[in-house]
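The notes after it are grouped by topic.

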Amino acid sequence: MKIKLRDQVREYKEGTSVYEIAASISEGLARMAICGKVDGKLADLNLKLDHDCEVQIITSKDPEAKMVMRHTTAHVLAQAVMSIYPNAKLSIGPATDDGFYYDFEFKTPINNDDLAKIEAEMKKIIKANFPITREVVTRQEALERAKKENQPYKIELIDAIDKNETVTIYHQGDFEDVCRGPHLRSTGMIKAFKLTKLAGAYWRGDEKNKMLTRIYGVVFDKASEMEEYFKMLEEAEKRDHRKLGKELDLFFLSDYAPGMPFFMPKGQTIINTLIDFWREEHKKAGYVEITTPIALNRKLWEMSGHWDHYKKNMYTFKVESDTFAVKPMNCPGGMLFYKERIHSYKEFPLRVAELGKVHRHEASGTLHGLFRVRCFTQDDAHIFMTPDQIESEIANIIHLVDRVYSVFGLEYHLELSTMPAKHIGTIKEWEHAETCLKNALKHIGKDYVINEGDGAFYGPKIDIHIKDAIGRTWQCGTIQLDMQLPKRFGLEYVDKDGSRKEPIMLHRVIFGSVERFFGIITEHFAGAFPLWLAPVQAIVMNVSEKSEEYAKKVAKKLEDAGIKTELDTRGEKIGYKIRSAQMQKIPYMFIVGEKEADEGTVSIRKRGNVELGGLQLKDVIKQMKDEIDKKVR
RNA sequence: GCUGGUGUAGCUUAGUUGGUAAAGCACGUGAUUCGUAAUCACGGGACCAAGGGUUCGAAUCCCUUCACCAGCUCCA
């Protein structure tokens, strides 16, 4: 709720704390109010204000409240660490999207047992319910205190503050820490927290700096919320595509090729189905498809700018007296395709797709299942057009994205990534490109958020972030406006008036990496792929040897109908076969015994324990075909 | 790449203070012919990630390398 001090609380004396004001307005509110927003900025309620401020009281229900709670808990962590390890050095302790952390430098490394000790100490601090108070001091004063306490990282932080600025220091018990705030009013307001992990992190995020020890934690309003959080983590663990990939025989990784996945028959079947679907949609959307070579001469990479920017991540090799590089992206090959002949404006927009296998030497520590690999297939396309086609073409791409993602039941949101620190081209070119993308987004009427400085080195981009079944988001698609490559490669087209002009080029992907997308949907569906994607759509199993011949007949008919079918005639009990099919997450189980053989019917059991008996095989096939065509989940 | 951790049969794991490997699942064989999430018995399978060292003796202790895991940095 917002209070305008000037209007509503005139009777208060200048300098009354906002908390006191909030408390007097409503006692219930006072219990909930944990901090305030002053002139749009978060501030502590202990802050004394003058009557002209507009104050927003943040209750525990507001999104900002979570950040304040996390932040305060980080400071309780710091207090606990300092009381157990008086020689530890403090750095910073911010709130994050799902919790908080604090970076320390310890004399001797700590381990998970120490974490439990720290947690116990934090509980003591919370129980003691120390009031948290805020003190404003001069920069000089703060610096002297940090020096006295022998806190080098704090000294560095305060030193960076402008000379005339004041510094706020928060006190709780005998602990004090420089911080912008705001914090909770007392340590006792923290209800449910847990320290989750220990990790190394560079001071100020720079790998040239010293590595500090980072302690992570989570904090919630209620114990039940914390339980839910850990349940979600458990669920995510169950869905881990690395685990499912093994259990369902989808793919594997070998020490002989780190970061380069091997796809097994079932995984390959899913990839093929994804690609078939992709081709179908792209054909409908007016794309043509090409293939460019996997390795190209270094000179081409010098021309494209990749050599300067990314040569350390490229796999290179010598051939006679020339150096070649395995392609880390498909664009330069696409440029050569364009340059192969003269183009007219009449061909535009010219949509050239390529399922290009690219290799990038990613740092060893970054590899992760199918999510971060050294070799993957981009579902790339380069689109050449005139400047006035940009908006409508971006709309076309978003429309295609819509179609493709909706089939998987994936929602998405858009982000606009702007000029990064490392970039080529002039500021003017960047401004122009960013304006083009913004206009296109405006034209489509879709909401988007801006991701400052996250663009590609050659141009700004619209990133498409999908949301999976358990609420995690993944950046998959991206649309990038490239004003560099057409110039560097001297691309031209003949315009209406016969003059030669430089075309506009968009790069775009929908899946991003086919392999990574496969990993994401594996987790999204928890391995229970919808019928159209399932590598085995039906399994036929006989109850006993007496029905083996009939089971074979049924399987043959399913296969003839184009259904991916397996046959299980092992000499096992039917319960055993069902269990194994269930664990393989096969959508349709055909269970046939003497009864079905006599009647010429089938019994099916759908994944999810739906049992149906006495069905005609042709009806079931028709039903399955309809389900596949509709691609419903 | 950096910090920390891990590496034992195809998979998941046990292995006490150093005394040269154990189980379940899977696999093979035999018996069983069974009606909706595990039939029984027997059997094969591991130079304990690789290389080096300490020791009478190493899966176990030390070093190097590789891979994986968590995080950091990075991600055209």
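In this predicted model, the largest nonpolar core holds 85 residues, and those that touch the most other members are Leu437, Ile539, Val540, Val554, Met589, Phe590 and Val592. Helix α14 (residues 390–407) gives the most to this core, contributing 7 residues. Because domain 3 (247–294 + 328–524) and domain 4 (538–630) both give residues to the core, it lies between them.

**Nonpolar cores**
- Leaving aside residues up to four places away in sequence, methionine 589 touches Ile539, Met541, Ile578, Ala581, Ile604 and Arg605.
- Another core lies apart from the largest one and has 37 residues, among them Val68, Met82, Phe100 and Ile118.

**Helix α15: length and faces**
- Helix α15 (residues 427–444) has 18 residues, which at 1.5 Å a residue should span 26 Å, and this agrees with its end C-alpha atoms, which are 26 Å apart.
- The buried residues of α15 are Trp430, Ala433, Glu434, Cys436, Leu437, Ala440 and Leu441.
- Seen down the axis of α15, these buried residues fall within an arc of 150 degrees, so they line one face of the helix.
- An α-helix has 3.6 residues a turn, so residues three or four places apart point the same way.
- On the face of α15 turned away from the buried side are the exposed residues Ile427, Lys428, Thr435 and Lys442.

**Surroundings of α15**
- The buried residues of α15 pack against α14, and also against the strands β20 (411–417), β21 (448–451), β22 (461–467) and β23 (473–482).
- Glycine 445 follows α15, and the phi of this glycine is positive, near 80 degrees.

Notes
Residues numbered from 1 in each chain as written. Chains lettered and ligands numbered in written order. Predicted model: local features only at pLDDT ≥ 70, side-chain atom pairs only at ≥ 80, totals over all residues. Core = buried A, V, L, I, M, F, W, Y, C linked by C-beta atoms within 7 Å. Buried ≥ 20, exposed ≤ 12 C-beta atoms within 10 Å, placed from the backbone. Helix = DSSP H or I, 4+ residues; strand = E, 2+ residues; numbered from the N terminus. Domains from an automatic or database assignment. Contact = placed C-beta atoms within 7 Å. Expected span 1.5 Å × (residues − 1). Arc of directions from axis to C-beta.
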